[in-house]
Amino acid sequence: MRCSTPAHRDLVYIFAVVIVAALLLLSGCSVVPKGQVQALDSIVWPPPPQEPRVAWVRSISSSRDANIQKGVLSRVRDLLLGEEVVKIARPYGVYADSKKRTFIADPGARSVHVIDPLEGRYLVVVGEGEQSFASPIGIAQDADEMVYVTDSAKGAIYRFALDDLKVQPFVTKGLLRPTGIAYSPGRRLLYVSDTLAGQVVGFDRAGKEVLRFGASGEAAGSFNRPTDLAVGTDGSIVVTDSLNGRMQIFSSTGAYLRGFGERGDVSGTFAKPKGVAIDSKGHLHVCDTLFDTVQVFNKKGELLLSYGTRGSGNGQLWMPSGLFIDANDTIYVADTYNNRIQVFQLLPDHSEE
């Protein structure tokens, strides 16, 4: 039968939507979305016969991999009009909160990806006008769920709330090249690495500078291009002193406590460390961009384990940068030049430390 009028064509389209929706309902609405991982892969570190400590879980390279459970109407629309796929370009910062939301700072796309599986949303935040992102690098969230993003190209920090996603200026003066950022619940401060200045700066949630420490140099407490940082449960601040090839730990007020590491090309040393995170045992996980791996150290700075290998397959890395570990010891690694986030899981350790 040939449709000779627009009204007839509209009726046919509506009829097609109803039929497709009915088929989806009959087939069950609990279909696992593409990219959903139902069980841990067998990629583990260290390899057998040693007890595994870290397992690869999955990769996120686009909105298809985000485990978003779509409703019937959304699936019908995708079938009829084609699925809109958002790809991750060159991720750096990554953060995951207690509500299973994942935030990805993507300087390659000048945007921040927000994956919200509980609400069934995949959002891309870019800002508008003067508040548009140029090079978003670090990302953090405070106790009120406000999201903060460093922009290394603009020398600024922006923030947005999840209810309106409106990007607003937070700090626009006093920083040369802000990169890493972390929130301290105890002190209610945001700590930021200013890479070019060779310093770490602390801001209250009104954007007022209340703390600044460090200087360019090689002495203890000084930095040579600091990049990422993390805050421990005791309030201590761990800073990646990238070009000095070491990690440095400070008190919550910026007093130098200790440091470890040296430049080198073997395990336990650093070639170009970047992202750092702290797991539930207080161990430090450090991305090394040139090693294409993540090294794990105890509180004394002793190497415990490395995970991730060079390449583009599952569990492999190419110039990883940002790193975050959530309260469940799920590990998120910005696999920058593979254009994806890789997710790992820290497994229970039954051996004595």
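This note goes through the fold, the backbone, the aromatic pairs and the cores of a predicted model.

1. **Overall make-up.** The protein has two helices and 27 strands. Of its 353 residues, 51% are buried. The accessible surface is about 16900 Å². Carbon and sulfur atoms account for 53% of that surface. Take the contacts between residues at least 6 apart in sequence: 44% of them join residues at least 24 apart.

2. W45 and P46 are joined by a cis peptide bond, with omega at about -10°. P46 sits in the loop between β1 (44–45) and β2 (54–60). Another cis peptide bond joins P48 and P49. Its omega is about 10°. P49 is also placed in the loop between β1 and β2. Check both bonds in the model when you look at this loop.

3. **Positive phi at R110.** R110 is not a glycine, yet its phi is positive, at about 55°. The residue lies in the loop between β4 and β5 (111–116). Is R110 buried or exposed? Its relative accessibility is 53%, and the cut-off for exposed is over 50%, so R110 counts as exposed.

4. **Positive phi at E145.** E145 is another non-glycine residue with a positive phi, here about 70°. Its place is the loop between β7 (136–141) and β8 (147–151). The relative accessible area of E145 is 26%. That falls between the limits of 20% and 50%, so E145 is partly exposed.

5. **T102 in β4.** T102 belongs to strand β4, which covers residues 102–106. The residue has a relative accessible area of 6% and is buried. What does T102 touch, leaving aside neighbours within four places in sequence? The contacts are V94, Y95, A96, H113, V114, I115 and Y332.

6. **The β5 and β6 hairpin.** These two strands pair in the antiparallel sense, over five bridges. V112 stands opposite V125 in β6. Four residues lie between the strands of the hairpin. Within the hairpin, G120 takes a positive phi near 70°.

7. **The largest nonpolar core.** This core holds 31 residues. Which members touch the most others? They are V112, V114, I139, F160 and I341. V114 makes contact with T102, F103, R121, Y122, L123, V125, F160 and L162, again leaving aside neighbours within four places in sequence. A second core is separate and has 16 residues, among them W56, V294, V296 and I325.

8. **Aromatic pairs: F133 and Y158.** There are 14 aromatic pairs in the structure. F133 and Y158 form one that is edge-to-face. The centres are 5.9 Å apart, and the planes make an angle of 80°. F133 is in the loop between β6 (121–125) and β7, while Y158 is in strand β9 (residues 156–160), so the pair ties together parts 25 residues apart in sequence. Both partners are buried: F133 has a relative accessible area of 5%, and Y158 has 4%.

9. **Aromatic pairs: F270 and F297.** This pair is tilted, at 5.4 Å centre to centre and 50° between the planes. Why does the pair tie together parts that are 27 residues apart in sequence? Because F270 lies in the loop between β18 (256–260) and β19 (273–278), and F297 lies in strand β21 (residues 293–297). F270 is buried at 0% relative accessibility. F297 is buried too, with a relative accessible area of 0%.

10. **An aromatic cluster.** Ring pairs also link F213, F223, F250 and Y256 into a cluster.

11. **Links between the points.** T102 and V114 are in contact, and V114 is one of the core residues that touch the most other members. V125 in turn is among the contacts of V114.

Definitions and conventions
Residues numbered from 1 in each chain as written. Predicted model: local features only at pLDDT ≥ 70, side-chain atom pairs only at ≥ 80, totals over all residues. Heavy atoms only, no water. Buried < 20%, exposed > 50% of the residue type's maximum accessible area, 1.4 Å probe, protein only. Contact = heavy atoms within 4.5 Å. Areas by Shrake-Rupley, 256 points an atom, 1.4 Å probe, with all protein chains shown as cover. Phe/Tyr/Trp six-rings, centres within 6.5 Å; stacked < 30°, edge-to-face > 60°. Pairing = 2+ DSSP bridges. Core = buried A, V, L, I, M, F, W, Y, C linked by side-chain atoms within 4.5 Å.
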